[in-house]
Amino acid sequence: MRAILRLLILLVVGVIAAVATGFLDINQTQSAKAPDIDATRNGIAASGGQPPKFDVDTGAVAIGKGEATIPVPRLEVRPADGGAAQPTNGAAPQPQQQPGVATTDSTQN
């Protein structure tokens, strides 16, 4: 029972937030009219009446993509022995070639 009550409270808060932000616009276009009720010896008879009508306009959510420039922090690696800083630009360091070892990697030419 508590779960249903919490769900109803969240629903009401959501509708209030949607109306307050302008995402949801509700206008009544026709008022309600109660039916005419007649009671006789044969029973009760109801006639007429109308429910209210509402015009509901909702906002739209558009999702798209575009280009943006995002600053990326620069990283400096400082060795523990107090050597000079070696700035990196995000590229992987190139391995050192050992003397007397032939390589077939075209990136180390």
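Visitor: What makes the contact between the side chains of R78 and E76 a salt bridge?

Guide: This is a predicted model, and the distance comes from its atoms. A nitrogen of R78 and an oxygen of E76 are 3.3 Å apart. The cut-off is 4 Å, from a side-chain nitrogen of Lys or Arg to a carboxyl oxygen of Asp or Glu. The value of 3.3 Å is within 4 Å, so the pair qualifies. Side chains of opposite charge can pair when their charged atoms come close.

Visitor: How many salt bridges does this rule give?

Guide: The count comes to one.

Visitor: Why is R78 called exposed?

Guide: Its relative accessible area is 62%. Exposed means over 50%. R78 therefore passes, at 62%.

Visitor: And what makes E76 partly exposed?

Guide: E76 has a relative accessibility of 40%. Buried is under 20% and exposed is over 50%. The 40% of E76 falls in between, so E76 is partly exposed.

Visitor: Which residues form the nonpolar patch on the surface?

Guide: I4, L8, L11, V15, V19, I26, F54 and V56. Together they have about 740 Å² of accessible area. Two elements, α1 (2-21) and β4 (53-58), each give two or more residues to this patch. The largest share, five residues, comes from α1.

Visitor: What makes α1 "hardly covered"?

Guide: Among the 20 residues of α1, the count of buried ones is one. Buried means under 20% relative accessible area.

Visitor: What comes just after α1?

Guide: There, G22 takes a positive phi of about 90°.

Visitor: Why is strand β2 said to lie largely in the open?

Guide: Strand β2 covers residues 36-40. Of these five residues, zero are buried, so β2 lies largely in the open.

Visitor: How do you know that β2 and β3 pair?

Guide: Pairing takes at least two bridges. Five bridges join β2 to β3 (residues 43-47), so the pair passes the rule of at least two. The two strands run antiparallel. A39 stands opposite I44 in β3. D38 has A45 of β3 as its bridge partner. A hairpin joins β2 to β3 through two residues.

Visitor: How much of the protein chain counts as buried?

Guide: Of its 109 residues, 2% count as buried. The chain exposes about 10600 Å². Carbon and sulfur atoms supply 58% of that area.

Technical notes. Residues numbered from 1 in each chain as written. Predicted model: local features only at pLDDT ≥ 70, side-chain atom pairs only at ≥ 80, totals over all residues. Heavy atoms only, no water. Patch = residues over 30% accessible without salt bridge, like charges linked within 9 Å, V, L, I, M, F, W, Y side chains within 5 Å. Areas by Shrake-Rupley, 256 points an atom, 1.4 Å probe, with all protein chains shown as cover. Helix = DSSP H or I, 4+ residues; strand = E, 2+ residues; numbered from the N terminus. Buried < 20%, exposed > 50% of the residue type's maximum accessible area, 1.4 Å probe, protein only.
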